[in-house]
Amino acid sequence: MSDPFMQAAIEQAELGLAEGGIPIGSVLVIDGKIVGRGHNQRVQKGSCTLHAEMDCLENAGRLQAADYRRAVLYSTLSPCDMCSGTVLLYGIPKVVIGENQTFQGPEAYLQSRGVELVNLQDERCKSLMQQFIAARPALWFEDIGE
């Protein structure tokens, strides 16, 4: 893949899987530099909110509003309602998604609120999720609230 930022998000997803968690990864990029990395840690930390995007933003630390307005959030999977709400709350203008075939969050709503979405339909992202869902469907459904 030619996009080094999505590659970094995929590496986070693989780390989460290796830890026994759900293989979703995310990075926050500001001015062409990664300022935060994260992966879904609901299993590892017994958390109800540590989706990849939330972990990534937490790891980026406190930022100024102007920083978020220059940011791009990368996620290996289409962000859920919670993570999409955080994108809107902080005014992140662009989200790059690895894929939305295994799960699709409120993408149309994000776009209606002015967020630019880029969907790469990356085969590695799809494969990671498809294999995980086939192997651990109960954990997946727990993660998406079903």
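The lining of the largest cavity is made up of nine nonpolar, three polar and two charged residues, where Ala, Val, Leu, Ile, Met, Phe, Trp, Tyr, Cys and Pro count as nonpolar, Asp, Glu, Lys and Arg as charged, and the others, Gly among them, as polar. This is a predicted model, in which local features need pLDDT of at least 70 and side-chain atom pairs count only at pLDDT 80 or more, while totals for chains, interfaces and linings use all residues. Residues are numbered from 1 along each chain as its sequence is written, and side-chain values use heavy atoms, with hydrogens and water left out.

On a 1 Å grid over the protein atoms alone, a cavity is a set of points where a 1.4 Å probe fits but cannot get out, a pocket is an open set with protein on both sides within 12 Å along at least five of seven lines, and lining residues have an atom within 4 Å of a point. Counted in this way, there is one cavity of 30 Å³ or more. The largest cavity has a volume of about 90 Å³, a volume being the space filled by probe spheres set on the points, which are joined across faces, edges and corners. Of the 14 residues that line the largest cavity, I24, H51, L77, S78 and C80 are the closest to its centre. Helices α3 and α8 (137–143) each supply at least two residues of this lining, helices being DSSP runs (H or I, at least four residues) numbered from the N terminus.

Helix α3 (52–60) also takes part in the largest pocket, where α3 and α5 each supply at least two lining residues. The largest pocket has a volume of about 210 Å³, and among the residues lining it are M54, L57, T86 and Y90. The most is given by α3, with three residues, and the lining of the largest pocket has six nonpolar, three polar and two charged residues by class.

These two helices, α3 and α5, also pack against each other, at an angle of about 35 degrees and with their axes 8 Å apart; axes are lines fitted to C-alpha atoms over the stretch in contact, and angles run from 0 to 180 degrees between N-to-C directions. On the α3 side E53, M54 and L57 meet M82, C83 and T86 of α5, contact meaning heavy atoms within 4.5 Å. By class, this contact has four nonpolar, one polar and one charged residues.
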